[in-house]
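I opened my notebook today to look up a helix pair and a strand. Here is the structure I was working from.

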Amino acid sequence: MSEQPKPDSPVAAKVFPSPNHGERLGADGTPRRPDMLVLHYTGMPDAGDALQRLCNPAAEVSAHYFVFENGRVLQLVPEGRRAWHAGRASWAGERDINSASIGIEIANPGHEGGLPPYPAAQIAAVIALSRDIVSRWAIPADRVLGHSDVAPERKLDPGELFPWEELNRAGIGHFVRPAPVRGGRFLSPGESGQPVEALQAMLAMYGYDIALTGRYDEATTAVVAAFQRHFRPERIDGIADASTITTLRDLIASRPAATVIV
Ligand SMILES: [Zn+2]
């Protein structure tokens, strides 16, 4: 009788192995340890179908963990290995997000499935799992991110209903109370000039992959929308209103300086 492999996290009920992984490598070609946590939704109507896809070699996708609606957690890929969850992505100048991160897939039909709210039992499991991971790997709070943060032009997950504020209250991730949405000056798609470049510089300073063109182009609109989805979810329109800019400024000002959650 062969011994059952043990999950890396005690929060995971068991290992349900996916073959879709490789070696973590840094920019210099040496082994890379994970220092980032990336959260996803599956975006499929059925959790079982999503799990099968993440374990299918033909699909060439995976994640380290899978969280069912009822809070049951499976480990698909060992944490020391590079799971294939982020795809083409970038954060804080780094492009191989899969080598840098641990990925959690949360079963949820996503925007295409009407974006149903995350059940409380599922969020409790995500919190317990994330807390365990960030503690064991000393992952900084501002490197707990959504797929949409690291791939703003391609991805919307885990979506604006994901309770980032609740995670932050539980000690996971970086969040500030969003500035209230009201009138005032704002920057919009199509504008150009120094204020637009200053906005791009602030987003880049926080970690978003954005070129400082001074033009409020489609890429800028996508990054502003991704920022709103995570940090100012009340309104996601890609327009940098006063609330968006104030929230971004507060976030940068309150950034944990090289501190980690323990
Ligand atoms: Zn994703």
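Is the crossing of α6 and α7 left-handed or right-handed? I looked it up in what is a predicted model, and the crossing of α6 and α7 is left-handed.

**Entry 1: the helix pair.** I took helix α6 as residues 194–206 and helix α7 as residues 218–231. Their axes come within 11 Å and cross at roughly 55°. An angle of 65 to 115 degrees would count as roughly perpendicular, and one under 35 degrees as roughly parallel, so I noted α6 and α7 as oblique to each other.

Next I listed who meets whom. From α6 I found Leu199, Gln200, Leu203 and Tyr206; on the α7 side they meet Thr220, Val223, Val224, Phe227 and Phe231. Sorted by class, this contact of α6 with α7 has seven nonpolar residues, two polar ones and no charged ones.

**Entry 2: the strand.** I then turned to strand β7, residues 101–106. Six of its six residues are buried, so β7 is largely enclosed by the rest of the structure. I also checked its two faces. Ser101, Gly103 and Glu105 lie on one side, Ile102, Ile104 and Ile106 lie on the other, and all are buried.

**Entry 3: the partners of the strand.** Which strands did I find paired with β7? Strand β3 (residues 36–41) pairs with β7 in the parallel sense over six bridges. Strand β4 (residues 65–67) also pairs with β7 in the parallel sense, over three bridges.

Technical notes:
Residues numbered from 1 in each chain as written. Predicted model: local features only at pLDDT ≥ 70, side-chain atom pairs only at ≥ 80, totals over all residues. Heavy atoms only, no water. Axes fitted to C-alpha atoms, helices over the stretch in contact; angles between N-to-C directions. Helix = DSSP H or I, 4+ residues; strand = E, 2+ residues; numbered from the N terminus. Parallel < 35°, antiparallel > 145°, perpendicular 65-115°, else oblique. Left-handed = near helix turned anticlockwise from the far one by under 90°. Contact = heavy atoms within 4.5 Å. Nonpolar A, V, L, I, M, F, W, Y, C, P; charged D, E, K, R; others polar. Buried < 20%, exposed > 50% of the residue type's maximum accessible area, 1.4 Å probe, protein only. Pairing = 2+ DSSP bridges.
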